[in-house]
Amino acid sequence: MCGIVGYVGSRPVLPVLLDGLRRLEYRGYDSAGVALQNSDGVLIRKACGRLSVLEARVTDITEAGGFTAGMGHTRWATHGRPSDENSHPHCCLSGTIAVVHNGIIENYQRLRHKMEQAGHHLVSETDTEVIPHLIEEYYQGDLVAATRAAMTELEGSFALLVMSSDEPGLLVAVRKDSPLVIGLGEGENFVASDIPAVMEYTKRTFILDDGELAVVRSDGVEIQDGTGAPKVKPVFDVPWDVQAAEKGGYPHFMLKEIYEQPKAMEETLRGRLIDGGIFLPEFGLDAETAQGIERIHLVACGTSHHACLVGKYLIERLARLPVEVDVASEFRYREPLVTANDLVIAVSQSGETADTLAALREGRRRGARGIAVCNVVGSTIAREAEAALYTRAGLELAVASTKAYVTQVVALTLLAVELASLRGLLGAQELGQWVSQLQKLPQWSREALALAPEIETMAQELARWEHAFFIGRGLDYAVALEGQLKLKEISYIHAEAYAAGELKHGTLALIVDDIPVVALATQSHVFGKTISNITEVRARGGKVFGFSKDKAMAQYVDRMLVLPDCPDLLAPAVAVIPLQLLSYYTALIRECDVDKPRNLAKSVTVE
Ligand code: AGP
């Protein structure tokens with residue numbers, strides 16, 4: 001979604017804001033803007049387009065301006081198309097109060113009408129613009145009080161930064177259902193939607209909770225609760241270093257993150273495989289609780305949802321527990337059947353995805369135990385869950401998720417094996433075998449990365465097509481879904497994934513000469529069945545790119561990639577890597593913006 005950043009202190013303000021926005025651009029990149037405060041008032045510059053367009057519009061702003069505070073915004077449009085007028089910051093009638101916003105104000109039309117009746121003139125199509133006007137209505141020389149009063153009228157989700165030309169050196173930050181972090185410096189303080197925007201300057205942060213308001217000045221930060229009472233919050237020390245937020249010699253964050261996967265898997269496994277067993281103390285599971293679980297609900301969106309499909313397969317297969325996987329945005333609107341003996345597991349890289357958070361809350365409201373599998377430590381989902389298993393993928397900045405997916409798959413595999421063991425379905429010897437195989441996963445993923453040159457050649461053929469299909473059975477179907485999403489989101493090729501046996505029930509009609517079909521066959525027990533489906537495709541002219549551990553596939557496909565020889569049930573975390581690379585190289589050939597695909601944002605904090 002949108003990214004917001006704020007600064008109060010003695011550094012040159014504009015470079016701090018632009019640097020923060022650059023690091024937040026993954027949250028949205030339709031337009032950008034800044035507001036800078038000095039003794040003369042508030043100066044606003046904004047521009048439709050990438051951050052570079054804004055940068056070209058602020059070259060005349062220098063340190064001589066004496067700015068001591070400022071805020072910036074990078075937008076992912078929800079209400080109103082990307083345009084200069086719709087860009088943030090937005091201002092009130094008198095031009096004294098400026099606001100940047102991430103989220104959606106659901107009652108903005110009613111508020112807009114009310115403001116217009118009161119004589120305010122609104123110039124944008126956004127939901128945000130009502131906020132500075134509303135604050136102005138309440139303003140009587142106290143920005144904190146006016147912001148708090150305005151908040152009572154806002155419905156929806158918001159992380160806001162507010163400043164007024166009448167109160168220099170003050171930023172007011174509030175949060176409801178959209179993330180906001182305060183960075184604590186010496187004689188300076190920062191505010192941002194996400195940690196990467198501040199971690200070059202400080203690793204000491206407060207993570208704001210819903211309903212909290214922060215009064216941010218250069219010499220200190222006061223946190224207030226929903227009633228306005230001061231609140232003491234623990235300082236959260238950021239665990240990543242600044243280098244993690246750089247490309248480290250790779251041309252794109254996506255490629256860097258693809259190559260970080262062996263290391264990321266090692267991190268996910270670190271300390272969790274001990275003495276021939278699985279050690280997940282975070283979940284607080286013992287044999288009695290594991291036996292008592294009636295059903296597991298996995299809720300997530302996008303790539304994380306695809307990891308859940310792998311999780312379902314493994315938990316059902318190993319722990320013999322029924323698992324439902326829900327697209328998080330559907331879960332709470334379908335009156336799900338959830339009981340107190342159920343476990344709802346929210347799976348999310350960012351831990352801030354609004355739909356997944358809402359699904360977790362819904363599961364808990366219906367009495368289930370709600371737990372999280374998350375990457376970002378201290379994120380909202382991790383904090384609201386009763387327990388959190390961190391995937392430890394490290395900072396993932398490319399919009400297209402890669403290392404987050406494989407670490408989610410590894411984490412869910414650990415959970416499946418642990419549940420099976422606690423439910424008495426795995427003997428010590430089998431458990432020991434699982435542990436030693438899991439330890440080899442990073443090595444198999446390295447072998448998968450070594451296939452890059454062959455994959456690049458495949459991409460040359462794929463890149464000229466506008467449509468592609470992915471097929472597979474069982475776990476391969478789950479991986480195929482992730483492969484087609486990667487291809488769609490970064491190369492803009494229309495791709496669809498099917499359970500291989502399903503193609504003949506309609507979609508086979510779309511198979512024409514040379515159309516690319518990516519076929520996965522890593523599951524030995526259905527290898528022959530998948531080969532039959534491949535021959536059906538080739539009989540209709542489809543061009544099949546086969547991915548399998550079994551070289552026997554070569555005779556049935558047009559081009560084959562031999563995958564590392566890992567156990568079938570661990571194949572998803574390995575087989576997905578060539579598919580990520582295939583999408584990456586295809587997107588490069590098609591000259592697409594790999595790290596910032598059109599219309600997308602990394603963290604989707606609106607419903
Ligand atoms: C995939 O490449 C996307 N980034 C997207 O589907 C993502 O997985 C989804 O928005 C969920 O995000 P989360 O894991 O942060 O909750």
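This is a predicted model: local features need pLDDT of at least 70, side-chain atom pairs count only at pLDDT 80 or more; totals for chains, interfaces and linings use all residues.
View 1. A backbone N or O atom of Ser-401 lies 2.8 Å from an oxygen atom of the ligand, while a polar atom in the side chain of Glu-489 is found 2.6 Å from a ligand oxygen atom. For Lys-486, an N or O atom of the side chain is 3.2 Å from an oxygen atom of the ligand. Taken alone, the ligand exposes 410 Å², of which the protein buries 91%. The ligand is surrounded by 13 residues, and the closest are Ser-304, Ser-348, Ser-350, Thr-353 and Glu-489.

View 2. Glu-396 is placed in the loop between strand 22 (387-390) and helix 13 (403-422), and it counts as buried because its relative accessibility is 3%, where buried means under 20%. The side chain of Glu-396 reaches the backbone nitrogen of Thr-402 at 2.9 Å, and a polar atom of that side chain also lies 3.2 Å from the backbone nitrogen of Lys-403. When neighbours within four places in sequence are left aside, the residues in contact with Glu-396 include Glu-257, Gln-349, Ser-401 and Lys-602.

View 3. Strand 2 (residues 31-38) pairs with strand 3 in the antiparallel sense over eight bridges, and Ala-32 has Ala-47 in strand 3 as its bridge partner.

**View 4. The cis peptide bond between His-88 and Pro-89.** The peptide bond that joins His-88 and Pro-89 is cis, with omega about 0°. Pro-89 belongs to the loop between strand 4 and strand 5 (90-91).

View 5. Arg-320, although not a glycine, has a positive phi of about 50°, and it lies in the loop between helix 9 (302-319) and strand 19 (323-327). With a relative accessibility of 56%, Arg-320 counts as exposed. Asp-514, also a residue other than glycine, has a positive phi near 70° and is found in the loop between strand 24 (494-499) and strand 25 (516-521). The relative accessible area of Asp-514 is 40%, so this residue is partly exposed.

Terms used. Residues are numbered from 1 along each chain as its sequence is written. Side-chain values use heavy atoms; hydrogens and water are left out. Two strands pair if DSSP finds at least two bridges between them. Helices (H or I, at least four residues) and strands (E, at least two) are DSSP runs, numbered from the N terminus. A residue is near a molecule or strand if one of its heavy atoms lies within 4 Å of it. A polar contact is a pair of N or O atoms within 3.5 Å; within protein, one must be able to donate a hydrogen and the other to accept it, and residues adjacent in sequence count only if both atoms are side-chain atoms. Accessible areas come from the Shrake-Rupley method with a 1.4 Å probe; for residues, only the protein chains shown count as cover. Buried means under 20% relative accessible area, exposed over 50%, partly exposed in between (1.4 Å probe, protein chains only). Contact means heavy atoms within 4.5 Å.
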